[in-house]
Amino acid sequence: MLTPAFDLSQDPDFLTVAIRVPHARVSEFDVYFQGVDFKFYAKPYFLRLTLPGRIVENGSEKGSYDADKGIFTIQLPKETPGQHFEGLNMLTTLLAPRKSRTAKPLVEEIGASEVSEEGVEDDDDEDFDWEIEQSPYEEVSEGALHPQSHYGFGGLRSGVFQRLQDEFSDVIDIKDPDFTPAAERRQKRLAVELAKFDPDHYLADFFEDEAVEQVLQYNPWWTDTYSKMMAFMGKSQEKENHAALVSFSEEEKCQLRKFVHKSYLLDKRAQRQVYYSLIDILLAYCYETRVNEGEKNVESAWNIRKLSPTLCWFETWTNVHEVLVSFGRRVLCYPLYRHFKLVTKACRDTIKILQLGPQGWQLLQKP
């Protein structure tokens, strides 16, 4: 569990707790407070505080979430209005488990604390250990993370998974990506693919290919648009009319308006990486669309992620040949249908989408 960054403030009537949880699911969180105990849980974050004063649940408590900043703000009413809580900036003391703080001291100063243990109920939650050890959140500077590997769009990201590796194990295949160089990532990926390949599965799909032949006959959304474009190109060379072949519904136009335009300063090498990664993801998308005949299901995201080393291994590329070979290997290792005809078909489908131009690419956003 991760201890989130948090901040405490107060006024005469309320104690305010601001918790920064940028990667949490807003729909799944728990808050508990009573007496001197405050507990917050939103996977992968957990925060338990032992407060220097008592709070109470009386219906005046408030909570809000700032989606842009990823901050939960919770206002807790004080049991005694007007009481001033001391030591709200003593993070280590606030994070210490209550049982360790309430152990009988060797020397006790009479009247040092107004907070007693009386009336504080223990939380007997057997499903979760609320008394796990915590440490204060510390902002890690980029200089302290070296040597680090870069990944993501144009290789612009690093340090993202250092604190979230346990939670992202189901999303990415590589372990510890922040400290695994690109060459080592590729070696590990190839070794995993070699171990994953199942000759029996491959031979079964090769000889019993009725289902494969069926999906090969499916015409995805780009087939008709591409045919119209080729027919049009055969009649006219006026490129300015090419965009007329692709039209958007009002719902699609509304969706396009919501996209934020961003510009990135990339050198030539980074630009090539972005283009190769786009081809890699498009290949996975085309395979997924074809084998499910245009219908999305609970496995769709998994299929695309698993077939694209760009997404699951943070792979980097130097040429298109590497992309195609990698895609072919993974099609024969991971999905339900493992047939080389699907590899070549996905390659042709990707070429068609790229030839449709920017208007055709935006249709990828269709629900």
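Trainee: What does the accessible surface of the chain come to?
Mentor: About 22,200 Å², and 52% of that accessible surface belongs to carbon and sulfur atoms. Areas here are Shrake-Rupley values with a 1.4 Å probe, and for residues only the protein chains shown count as cover.

Trainee: Before we go on, what kind of model is this?
Mentor: This is a predicted model, where local features need pLDDT of at least 70 and side-chain atom pairs count only at pLDDT 80 or more, while totals for chains, interfaces and linings use all residues. Residues are numbered from 1 along each chain as its sequence is written, and side-chain values use heavy atoms, with hydrogens and water left out.

Trainee: Good. How many helices and strands are there in the chain?
Mentor: The chain has 13 helices and six strands.

Trainee: Which residues have the most contacts inside the largest nonpolar core?
Mentor: Tyr287, Phe327 and Leu342, in a core of 27 residues. A nonpolar core is a set of buried Ala, Val, Leu, Ile, Met, Phe, Trp, Tyr and Cys residues joined through side-chain atoms within 4.5 Å.

Trainee: Which helices supply at least two residues each of this core?
Mentor: Helices H5 (210-216), H6 (221-235), H8, H9 (300-307), H11 (320-331) and H12 (340-355) each do. The largest share, nine residues, comes from H8.

Trainee: Take Phe327, then. What is it in contact with, leaving aside neighbours within four places in sequence?
Mentor: Phe327 is in contact with Leu283, Ala284, Tyr287, Leu307, Val343 and Ala346; contact means heavy atoms within 4.5 Å. Apart from this core lies another one of 24 residues, among them Leu8, Val21, Leu49 and Leu88.

Trainee: Now the loop between H2 and H3. Is Tyr151 buried or exposed?
Mentor: Tyr151 counts as buried because its relative accessibility is 5%. Tyr151 is in the loop between helix H2 (98-101) and helix H3 (182-196). Beyond neighbours within four places in sequence, its contacts include Leu156, Phe161, Pro177, Asp178 and Phe314.

Trainee: How many residues separate Tyr151 and Asp178 in sequence?
Mentor: They are 27 residues apart in sequence, with 8.4 Å from C-alpha to C-alpha. Pro177, also found in the loop between H2 and H3, is 18 residues from Gly159 in sequence and 8.5 Å from it, C-alpha to C-alpha. Pro177 is buried, with a relative accessible area of 0%.

Trainee: What about the backbone at Asp176?
Mentor: Asp176 has a phi near 55°, a positive value in a residue other than glycine. Asp176 sits in the loop between H2 and H3 and is partly exposed, at 39% relative accessible area. Glu293 has a positive phi as well, of about 50°, and Glu293 is found in the loop between H8 and H9.

Trainee: Why flag those?
Mentor: Because most residues other than glycine have a negative phi, and most peptide bonds are trans.

Trainee: Which residues does a cis peptide bond join?
Mentor: Lys43 and Pro44, with omega about 10°. Pro44 lies in the loop between strand S3 (30-42) and strand S4 (45-55).

Trainee: Last one: where is Tyr264?
Mentor: Tyr264 is in the loop between helix H7 (250-258) and helix H8 (268-291), and counts as partly exposed at 42% relative accessibility.

Methods
Helix = DSSP H or I, 4+ residues; strand = E, 2+ residues; numbered from the N terminus. Buried < 20%, exposed > 50% of the residue type's maximum accessible area, 1.4 Å probe, protein only.
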